[in-house]
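Please read this briefing beside the sequence and the model, and find each residue as it is named. The points are grouped by topic.

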Amino acid sequence: MRSISVPRFTVFSEAHVLRNVFFLFIITTLFYAMGAMLRLVQELSLFWPLNAVMAAIFARYVWLNRLHYYAICYGAMLLFDVMTTQWGFASLIINASNMVFIVMVAQLVMRDKRQAGSEPEPINALRLFYYCLISAIFCALLGALGSVGIDRQSFMPLLADWFSEQFSTGVLILPCVMTLTLPHEIARIRWQQLLPVLTLALSMLAAIAIGGAGSLTFPLPALIWCALRYPLPVTSALTLITGASEIILVANGIINLAVSGPLQTAQLFSTRLGIASLAISPVIVSTTVAAINNLVRQVSLRADFDFLTRVYSRSGLYEALKNQPANTSQHLTVMLLDIDFFKSVNDNYGHECGDYVLAAFARQVYDTVGGQGLVARMGGEEFVVAAKTRDPLDGYHLAEKIRQRVEANVFQWRQLPLRVTVSIGTGSGTLGSNENIDVFNELLVEADEYLYRAKKAGRNKTCAKSLAEEGIFNTVVS
C-alpha cells in the first residue's frame, strides 16, 4: 500500500500572538457568515456552527483562554453585525450569549484536563453531552432575551429555538473539531473500507424516500458500524455530516416528518434534540473503542516488556522474533547472560539496590547490542540476547564486548561503588528454512549448556563452541 506524506501546518501557536489573533478573527467571521446564510425566514437561525467551533478551539488549545483572545472573538461578531444588520444594542446581548456558550464549554473541558493532572484523551463524549446541555441552557436564556422583538418573535419560541440549536450543533460539532487531526500520510483506500460509509449514504437516502419520525434513526446502525471500523476523528466527522444533513433536510421538508402540514417550530425543536441524542451514540461507541484499544496496547506493552529493566520480557521477545522477516542466509547468535553472585548484592545492599543493578545492567547490555539484536530478561538475574551476526566469531566478539563493558563498569549506589561481572554462554547458527522461534529455541538450549560451562570454569567468562574445530569439541574462550 502506497502512502503520500502530508506537510504539517499548525494554525495556532502559543508563541505567535499576532498569528493567533489573525486566525481567531478570520475563523469567527467565517463561521458567523456561514450561520447567517443558514437562517430561515421564520427562525433566528437554522444551523449555527460558530459557537461550537470556537468552543472546541478554546477547549483544545488551553493557552488561548486569555481575555484578549475572547475579546477578539466577541469583537469579530459585533463587527459582522454592524456591517450586515440593524440590531444595535440587541447585537451586544445576542453575541454575549454566543460567548456564554463558548466560554462555559471551554472552561468545563479545561476543568477535566486539570483534574486529570495530565493531557487526557481527546474527549469524554458523555461529559461533553452534558456540557453542551448546560451551556446551551444559559446561552439560550440570554440569547432569547436579546432576540425578543427581532422578526416579531416572542420569548418562549425563541428560547426553544436557541436551546435546541445550540445543543444540537454543540453535540455534533464539538467532538469533530476537538479530535480533528491531519494525517502524517494518506494511504490508498480499498473499497472494502468504504462499506460503512456507503451504508450510511444508503440509510440517508432511505430516510428521504420513506420519511416519518422513525426515518431519523435510519443512519444510526451505519454510524455505529463506522464507529467500530474507523478512528474517532473520522467517526466524529461522519456523525457531524449526518446530523447536520438531517436537520437541514427536515427543516426544508425533504425528509417529511409531518405529512399533514408544514414543519412547525415545536417539531424542529424536537427534531434537533432527537438528532443530537442519536448523534452522541456513535461518538460514545467510538471513544469507548478507542479507550479499549489504548488499554489493550498498554496491557500488551506491559506483557511484552519487563517493567523493571525496560527490555523485552520472554513473551515479548518471542513476539518480536515472530515479527522478524525470515532470511535463510542470516546468521543468528543467541547469548544467555547471568550476573555472577547476584544474590550477594541483594543480601549485602538490599533488594532496592539489586533492582537498580538489574536495570543499569540491562541498559548497558541494550546500549552495547544496539540495533544489532534484541535484549530480554528471562527471569531473576538472567538475560538473553538474540543478535544478527556475520558468523560465530562475530557473535563471540559481541558477547565478549558485553562481558568486558560490564566488568569495567562501576555502578554507583548511594555513593557506594559496586562492580559486577557476567557469565555468558552462546549458541550460533543460521536461520535456514525453519521459523525464527524454532531456531532461537535450539540455540537457546546450546547457549544454556555453555553458560553452565562458563560458570563451572570460574565465572566472568564467555563460553562458546570451538571456532577452530567447528563443534567437534567444546572449549571455553575468555
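**A salt bridge to begin with**

Arg 414 and Glu 352 meet through their side chains in a salt bridge, with N and O 3.1 Å apart; a salt bridge here is a side-chain nitrogen of Lys or Arg within 4 Å of a carboxyl oxygen of Asp or Glu. This pair links distant parts of the chain, since Arg 414 sits in the loop between strand E6 (411-413) and strand E7 (416-418) while Glu 352 belongs to helix H13 (residues 351-369), 62 residues apart. The helices (H or I, at least four residues) and strands (E, at least two) are DSSP runs, numbered from the N terminus.

The model is a predicted one, in which local features need pLDDT of at least 70 and side-chain atom pairs count only at pLDDT 80 or more, whereas totals for chains, interfaces and linings use all residues. Residues are numbered from 1 along each chain as its sequence is written, and side-chain values use heavy atoms, with hydrogens and water left out.

**The chain as a whole**

- The chain contains 15 helices and 10 strands.
- Of its 478 residues, 45% count as buried, where buried means under 20% relative accessible area, exposed means over 50%, and partly exposed lies in between (1.4 Å probe, protein chains only).
- Among the contacts in the chain with a separation of 6 or more, 72% are between residues 24 or more positions apart, a contact being heavy atoms within 4.5 Å.

**More on salt bridges**

- The structure holds 12 salt bridges.
- Arg 377 forms a salt bridge with Asp 306, and their closest N and O atoms are 3.3 Å apart.
- Arg 377 lies in strand E4 (residues 373-379) and Asp 306 in the loop between helix H10 (265-304) and helix H11 (314-323), so this pair ties together parts that are 71 residues apart in sequence.
- Both Arg 377 and Asp 306 are buried.

**Asp 338 and its partner**

- Asp 338 has its place in strand E3 (residues 331-339), and it is buried, with a relative accessible area of 7%.
- The side chains of Asp 338 and Lys 455 meet in a salt bridge at 3.4 Å, N to O.
- This pair links distant parts of the chain, because Asp 338 is in strand E3 and Lys 455 is in helix H15 (residues 436-456), 117 residues apart.
- Lys 455 counts as partly exposed, at 28% relative accessibility.
- Leaving out residues up to four places away in sequence, Asp 338 touches several residues, including Glu 381, Thr 421 and Leu 451.

- Helix H5 (residues 125-147) and helix H6 (residues 155-179) pack at an angle of about 145 degrees, with their axes 7 Å apart; axes are lines fitted to C-alpha atoms, for helices over the stretch in contact, and angles run from 0 to 180 degrees between N-to-C directions.
- Phe 101 is found in helix H4 (residues 89-116), and it is buried, with a relative accessible area of 0%.
- The C-alpha atoms of Phe 101 and Tyr 131 are separated by 9.5 Å, although the two residues are 30 residues apart along the chain.
- Not counting residues up to four places away in sequence, Phe 101 touches residues that include Asn 51, Cys 132 and Gln 166.
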